[in-house]
Structures are given as structure tokens and as C-alpha cells.
Amino acid sequence: MPQIIHAAGAPAALGPYSHAVQAGGFLFTSGQVPLVPTTGKLVGPDIESQANQVLDNLEQVLRSAGLTFADVVKTTIFLTDLADFAAVNAIYATRFPENPPARSCVQVAALPAGARMEMELVAAL
């Protein structure tokens, strides 16, 4: 039976979805954009602050399920500009310093709340 995860330390969902769902031995997160949990507003406009906030938000979702970035097996990053790829990689590498998970990164036309980045992940339970 799937288990719904609500992360108290992550920003409220912008629509009718859960922060994450546990099923089949995995945790599947919804995409996180760089909203500050306490205000629900977008963090600064630069990609570095947005990437850090997205990863902070995902860390809160993982913690709510008793997991860490070490449990992550797959990530998907959505960028509104692939020119941000190198900057995001540098920040991403600080959260996954060893044995990084499989990953996809794609450019999209737009993201919720005017974000420059969104990220979702799958972690093994």
C-alpha cells in the first residue's frame, strides 16, 4: 500500500499533489522548486541560491521519510536555461560527493512560480 509523505520542513505543494509517496521499496518525490518553506516565496533570482533551496527542500522531504541523499538512486533536473547546467552541477556535487545517482537534466520552457530550476528524485528505502 503506498504511503503518503508530507514534509513539514518543505514548502507547501502548489497543487493537488503530495511531497512524496513510498511504494515498492522506493520513495518518489514530487518536483521541488526553490520556494522558501516559511514564506512560500521564491528564493533569490540567481541559479545558485535556487539550486541550494531546491536541494534543501528535497533534503527535508527525504528526512521526513527517514532517508538522506545517500539513499537517492535517480534524479531529474528541469532547467529553464541549459546555460545554468555548470552552476547547478557544482552545487549538486556538494550534496552527492560520492557515488552520485543516475540523473537526467532537461531544458523546459517555464516552471511554476517563475523558478529557473525544479528537481525530483527517487530514493531506495
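**Notebook: core and sheet**

I looked up the largest nonpolar core first: 26 residues, with L27, L62, M117 and M119 making the most contacts inside it. I take such a core as buried Ala, Val, Leu, Ile, Met, Phe, Trp, Tyr and Cys residues joined through side-chain atoms within 4.5 Å. Buried is under 20% relative accessible area (1.4 Å probe, protein chains only).

The model is predicted; local features need pLDDT of at least 70, side-chain atom pairs pLDDT 80 or more, while totals for chains, interfaces and linings use all residues. Numbering runs from 1 along each chain as its sequence is written, and side-chain values use heavy atoms, without hydrogens or water.

α1 (47-64), β4, α2 and β6 (117-124) each give two or more residues. The largest share, 7 residues, is from α1. Helices (H or I, at least four residues) and strands (E, at least two) are DSSP runs, numbered from the N terminus.

Next, the sheet. I found 6 strands in an open, mixed sheet, ordered β1-β2-β3-β6-β4-β5. Its edge strands are β1 (3-5) and β5. Strands pair if DSSP finds at least two bridges between them.

I followed β4 to both partners. With β6 it runs antiparallel, over 7 bridges. K74 faces V122 there. Strand β4 (residues 72-79) runs parallel to β5 (residues 102-107), joined by 6 bridges. On that side K74 stands opposite A102. The chain passes from β4 through α2 (residues 85-95) to β5, a right-handed β-α-β crossover. Right-handed means that, with strands pointing away from the viewer, the path from the first strand over the helix to the second runs clockwise.

Terms used. Buried means under 20% relative accessible area, exposed over 50%, partly exposed in between (1.4 Å probe, protein chains only).
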